[in-house]
Every structure is written in C-alpha cells, then in structure tokens.
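Hi there,

Here is the structure I promised to pass on. Have a look at it first, and my notes on the helices and sheets follow below.

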Amino acid sequence: MRERFGDVTMTPQKIALLTDSCADLSPQLAAENQVFVVPLRILCKDGEYRDGVDIHAADIYARLRSGELPQTSLPAAQDISDAFDAIAAAGYDGVIALMLSGGLSGTYNMVRLLAEERRDLTIRVYDSVSGSLGTGMMILQLAEDLRQGMDWQTLTERRVPWLIQNTFPFFSVDTLEYLQKGGRIGKVTAMAGTMLQIKPLITFAADGQLQSIAKVRGRNLVIRKLIELVTQSHNGAARYNLAVANGGAPAEMKILQGKLTTALPNYNHIWSGELDGTLSVYIGDGVLGAAVQRLE
C-alpha cells in the first residue's frame, strides 16, 4: 500500500529515503546511505525511550530477564515532523518512506497522515509489509538504486513495489514467552514450545503480521532450517541480495552468514545487523534472522 502527497505536478529530482528504527539500520549504515530514521517509542517502568536513540536491544534483554515487560508505541508525531523538516532543509524535494508493517504497528498510517500536511515535499509512503532486516534491505537497495541514477517514477511505481513483493525475511525465536505475553501468539502454543524445546521460525504473512512458518526441535537445527527457507525463496533468481541479523547471538550470526553465502554464493550484496529494541520486546534475545531479496 502506498500514498502520494505534496505537489504532484513536479517530479522530484533529489530524493530522500525515510524509514523507522525497526528497519535495523546501524547509525553508520544509515549515514553512509543518507537514510533518515524515525524512532519508535518503548515504554518502560522508569519512563519512555526512543528506540535506537536512548534505548537499544541489549537494554531490552536485561529488562525482560528481570521480569519487566516493556511496551511499544508509535513514533512521536514531532519526531516524524522533524524528519520531514530535516529532509527539506537538506535540499530534498521528494521522499520515499518505507515503514514497519502495518500488520504490527500504526507507524505507516501515522507517517501517511503527517505526510498529507506537507506542501514542500512530494512524498510516497509505503507499508513494507515487513520489518527488521526485511525493511532494512529494501531501504539499502533503494539507496543503491538512487546512486545508480534511478528516477522517481521508476522507483515509486516499479522498484519499491517489486522489493516489497520479493524480499523474504525469516527469524528463529529462542523462546515463545514474550510473544505470548505480548499477545502475539496463543498461550497453549507458547507452553508446548517451551516444554518440548521447539524453536519456531517466523516470517511476515501477507497481511503483515508475524506467522510461524516452520518448527525445529533444538537450537542446533535452526541455522540449517533458516538456510533452507532462504534458498527456497531465492528460487533460482539470477540477481539477489542476502541479509543476516541477530538479537544477542552475534557468534551464531557469523556462522549463519558463512553457511548462507556458501549455499547462495552469487549475491550482489550481503548485509548484517542487530535487531532493534521494538521487536526485541516481543521476541527476546537469542534470535537469528536471514533474508533473500530477488532483484529480477
């Protein structure tokens, strides 16, 4: 889903990319690719924090282990307006905004509504129907496309919709406890998974919500299953990108990356990152992620 706002009679010449903190872009990657990032908010017992600004995934893990269950919230309207102001001040006249799945958050809708108020920028707002490394690698490929000179119409009418349809992220969850407490899965499923050491693998459904796509028994089979899922989604594509991510499991992510690039060695790019604080509220630590993005 996408919406366009601003002066529709002018074709933007200098295009900015906007996303949210759930795209899991490190500050370095965001800066290198000139990506503007709006932080979601995390509500803790001692106050409100901005994801990726004054709270990070490691802080969330510590709070979860202590028994606290933080809550997530939409970005502050002011942070979104400030991002648009910064984009305009930097001389951009167009914005492609790719936001966290509308099936998980109202962020997309909020950005869309605030974009309607802007008359100084032509803005296209998209629901990524994804999150974490899925959204992140869409943004990074768009940054690459901009560097290669892709124009506004091609980007907004063809490239972004293609990337949304052809980016496939998968995650392993070490415990179902926080998904259950956060209301994301049924209690019976959570109890059975904990008792049997079943490790679910999840992805984004067509409606943008998280769904279980596979299960393995024991953590040692997680990497093998992630590679199998990514390879199936690759489906013989001639040009593709890969990505890996982790939440509190950097050593295992390196192993995953090595095995993934062995299985699919002809990638254009491979990106790696750490999960954001917002998603960590629901899936805890010990998380691994892998994704493929078909380019044609």
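In this predicted model, α3 passes α4 in a right-handed crossing. Helix α3 covers residues 77–89 and helix α4 residues 107–115; they pack at an angle of about 55°, and their axes are 10 Å apart. The two helices are therefore oblique to each other. On the α3 side, the contact is made by A77, I80, S81 and F84, and on the α4 side by M110, V111, L114 and A115. Sorted by class, that contact of α3 with α4 has seven nonpolar residues, one polar residue and no charged ones.

There is another helix pair worth a look. Helix α5 (residues 133–147) packs with α6 at an angle of about 145°, again with axes 10 Å apart, and α5 passes α6 in a right-handed crossing. From α5, the residues in contact are M138, Q141, L142, D145 and L146; from α6, they are L155, R159, V160, L163 and I164. By class, seven residues in the contact of α5 with α6 are nonpolar, one is polar and two are charged.

Helix α6 also leads us to a sheet. Spanning residues 152–165, α6 lies across β9 (167–172) and β14, and runs at about 35° to β9. Both strands belong to an open sheet of six, in the order β11-β10-β9-β14-β12-β13, with mixed pairing. Its edge strands are β11 (210–217) and β13 (270–274), each of which pairs on one side only. On average, neighbouring strands in this sheet are turned by 20° against each other, ignoring direction. Within the sheet, β12 (residues 240–247) and β14 (residues 287–294) run antiparallel and are joined by eight bridges.

Strand β4 (residues 41–44) pairs with β5 in the antiparallel sense over four bridges, and the bridge partner of L43 in β5 is E48.

Happy to go through any of this with you at the screen.

Best wishes

Conventions:
Residues are numbered from 1 along each chain as its sequence is written. This is a predicted model: local features need pLDDT of at least 70, side-chain atom pairs count only at pLDDT 80 or more; totals for chains, interfaces and linings use all residues. Side-chain values use heavy atoms; hydrogens and water are left out. Axes are lines fitted to C-alpha atoms, for helices over the stretch in contact, and angles run from 0 to 180 degrees between N-to-C directions. Angles under 35 degrees count as roughly parallel, over 145 as roughly antiparallel, 65 to 115 as roughly perpendicular and the rest as oblique. A crossing is left-handed if the near helix is turned anticlockwise from the far one by less than a right angle, and right-handed if clockwise. Contact means heavy atoms within 4.5 Å. Ala, Val, Leu, Ile, Met, Phe, Trp, Tyr, Cys and Pro count as nonpolar, Asp, Glu, Lys and Arg as charged, and the others, Gly among them, as polar. Two strands pair if DSSP finds at least two bridges between them.
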